Amino acid sequence: PISILCHGLGCAKYTSIKYMELFLQLGFTVLMYDHRNHGLSGKAYTSMGFYEKYDLKKVVDWCINNYGNDVKIITHGESMGATTVLLHLAIDDRVKCAIADCAYSDLKQLVRHQLKQYYHLPCCFIPLVSFLTYLRAGFWYKEVSPIKSICQVETPVLFIHGKIDNFVPAYMSRQMYECKKKNKAIYLVAKARHAESYCHDKEKYKRVVERFLSRYMK
């Protein structure tokens, strides 16, 4: 089995090393890569998951081409990587399971939250910024919204989120969990902030992941 790890915004593949240890212990081959405009990858526009989901699909293609059609693949993402993992499920059903750690459910809603939380700015100009993003990078904020498609996704998903995450609020994972009809699990970590769930309690995190995979990884 192969675990593909997707890092968050402003990071690089090396930040996924903490999860590599977990999946190696569970018997997985681990594949880490840099998102576009991160690390050693090319300097294309970061799209918060919109184009990154197609990049992830290419990585899945590579795994199947090199390991065969019977290879079992799971995806794990953190923050932007988690949203990428969820968006990818809507266009590719070849992965067995997905783990989304502190994903945002909707980019417009996330920007609205962060403007209010950190900058105390009005949200009225978000449509204008989205339009400028479309002109520059070719995507709208509204197109980065896994909550719109997660209800149709059959692939099992484990949602993980720190309960006191102020950067990407935990209610986003709860909403996506509630929207998904079946094949789902959720793990909310008390006293964990953004992207801190694994470091907060590694053993509990591992047990939750192992239990989820034992149920759905067939």
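How are H2 and H3 oriented relative to each other? H2 and H3 are roughly perpendicular (65 to 115 degrees).

This is a predicted model, in which local features need pLDDT of at least 70, side-chain atom pairs count only at pLDDT 80 or more, and totals for chains, interfaces and linings use all residues. Residues are numbered from 1 along each chain as its sequence is written, and side-chain values use heavy atoms, with hydrogens and water left out.

**View 1. Helix H2 (residues 52–67) and helix H3 (residues 80–89).** Their axes, which are lines fitted to C-alpha atoms over the stretch in contact, come within 8 Å and cross at roughly 70 degrees. In contact (heavy atoms within 4.5 Å) are Glu-52, Lys-53, Leu-56, Lys-57 and Val-60 of H2 with Met-80, Thr-84, Val-85, Leu-87 and His-88 of H3.

**View 2. Helix H1 (residues 17–25) and helix H8 (residues 202–216).** The two axes cross at roughly 50 degrees and come within 11 Å. From H1, the contact includes Tyr-19, Leu-22 and Phe-23; from H8, Tyr-205, Val-209 and Leu-213 are among the residues taking part.

**View 3. His-113 in helix H4 (residues 107–119).** His-113 counts as buried because its relative accessibility is 17%, and buried means under 20% relative accessible area with a 1.4 Å probe, protein chains only. The His-113 side chain reaches the backbone oxygen of Asn-166 at 2.7 Å. Apart from neighbours within four places in sequence, His-113 is in contact with Asn-166, Phe-167 and Pro-169.

How values were computed: Helices (H or I, at least four residues) and strands (E, at least two) are DSSP runs, numbered from the N terminus. Buried means under 20% relative accessible area, exposed over 50%, partly exposed in between (1.4 Å probe, protein chains only). A polar contact is a pair of N or O atoms within 3.5 Å; within protein, one must be able to donate a hydrogen and the other to accept it, and residues adjacent in sequence count only if both atoms are side-chain atoms. Axes are lines fitted to C-alpha atoms, for helices over the stretch in contact, and angles run from 0 to 180 degrees between N-to-C directions. Angles under 35 degrees count as roughly parallel, over 145 as roughly antiparallel, 65 to 115 as roughly perpendicular and the rest as oblique.
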